[in-house]
Amino acid sequence: MSAATPSTPVPYGGSGVKYCQRCGAPNDPGAAYCANCGEVNFRSVRPGRIERPVGVTLLALLQILVSIATIFIGLFATALLIFIPFLPILGLFFVGLGVIELILAVALFSGRNWARILNIIFAVLWLIHFPLGTVMGILFLIYFTRPGVVAYFKQPH
Ligand SMILES: [Zn+2]
């Protein structure tokens, strides 16, 4: 890696832009740090594949476990209440809810940006559930809008 002094901007790759090696954003050749995430490491080419952040992996796995549990609880309730009017429908509702949760969790795990956006929407909805929901909502909002996390979801798949 060549060391460039700030006074003499290097024409990166001749294209006029240089790429942040953390988030992949193209930056002005004279930029001292990335306008998107603040990183100082630049090269003339885009960075390779951005790895899934550990927090995303843990959250997605947790959501997969919860969704599978929801499906089983729903199936169990449906089987248990099959002869009682209306209650099996409630059980099937939980099965459906679990299936939707599972699809979302797998999408988050595989880095789909719409799954990140849905998690942000849910975080906003949690904010009204003071105090625990508010705290969780704020933490989720901060995490899912961090430049490094956003960069992982916004890279092409
Ligand atoms: Zn950056």
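Student: Which residues are buried in helix 5?
Tutor: In this predicted model, Ala-151, Tyr-152 and Phe-153 are buried in helix 5. Buried is 20 or more other C-beta atoms within 10 Å of a residue's own, exposed is 12 or fewer, and partly exposed is in between, with C-beta atoms placed from the backbone. Helices (H or I, at least four residues) and strands (E, at least two) are DSSP runs numbered from the N terminus.

Student: What covers the buried residues of helix 5?
Tutor: The cover includes helix 1 and helix 3. Contact here is two C-beta atoms, placed from the backbone, within 7 Å.

Student: Numbering and confidence cut-offs?
Tutor: Residues are numbered from 1 along each chain as its sequence is written. Local features need pLDDT of at least 70 and side-chain atom pairs count only at pLDDT 80 or more, while totals for chains, interfaces and linings use all residues.

Student: Now helix 3. Which residues are buried there?
Tutor: Ala-115, Arg-116, Asn-119 and Ala-123. They cover an arc of only 100 degrees around the axis, so they sit on the same side of helix 3; the arc is that of the directions from the helix axis to the C-beta atoms.

Student: And what do they pack against?
Tutor: The buried residues of helix 3 pack against helix 2, helix 4 (132-144) and helix 5.

Student: Which exposed residues are on the face turned away from the buried side of helix 3?
Tutor: Trp-114, Ile-117, Ile-121, Val-124 and Leu-125.

Student: Switching to the largest nonpolar core. Which members touch the most others?
Tutor: Cys-20 and Leu-108, out of 14 residues. Such a core is a set of buried Ala, Val, Leu, Ile, Met, Phe, Trp, Tyr and Cys residues joined through C-beta atoms within 7 Å. Strand 1 (18-20), helix 1 (54-80), helix 2 (87-109) and helix 5 (147-154) each give two or more residues to this core.

Student: Why does this core lie between domain 1 and domain 2?
Tutor: Because domain 1 (1-48) and domain 2 (54-154) both give residues to it. The domain bounds come from an automatic or database domain assignment.

Student: What does Leu-108 touch?
Tutor: Leaving out residues up to four places away in sequence, Leu-108 touches Val-56, Leu-59, Ala-60, Gln-63, Ala-115 and Asn-119.

Student: Last one, overall layout. What pattern does the chain follow?
Tutor: Along the sequence, β-β-β-α-α-α-α-α. The C-alpha trace spans about 80 × 35 × 20 Å along its principal axes, and 16% of the 157 residues count as buried.
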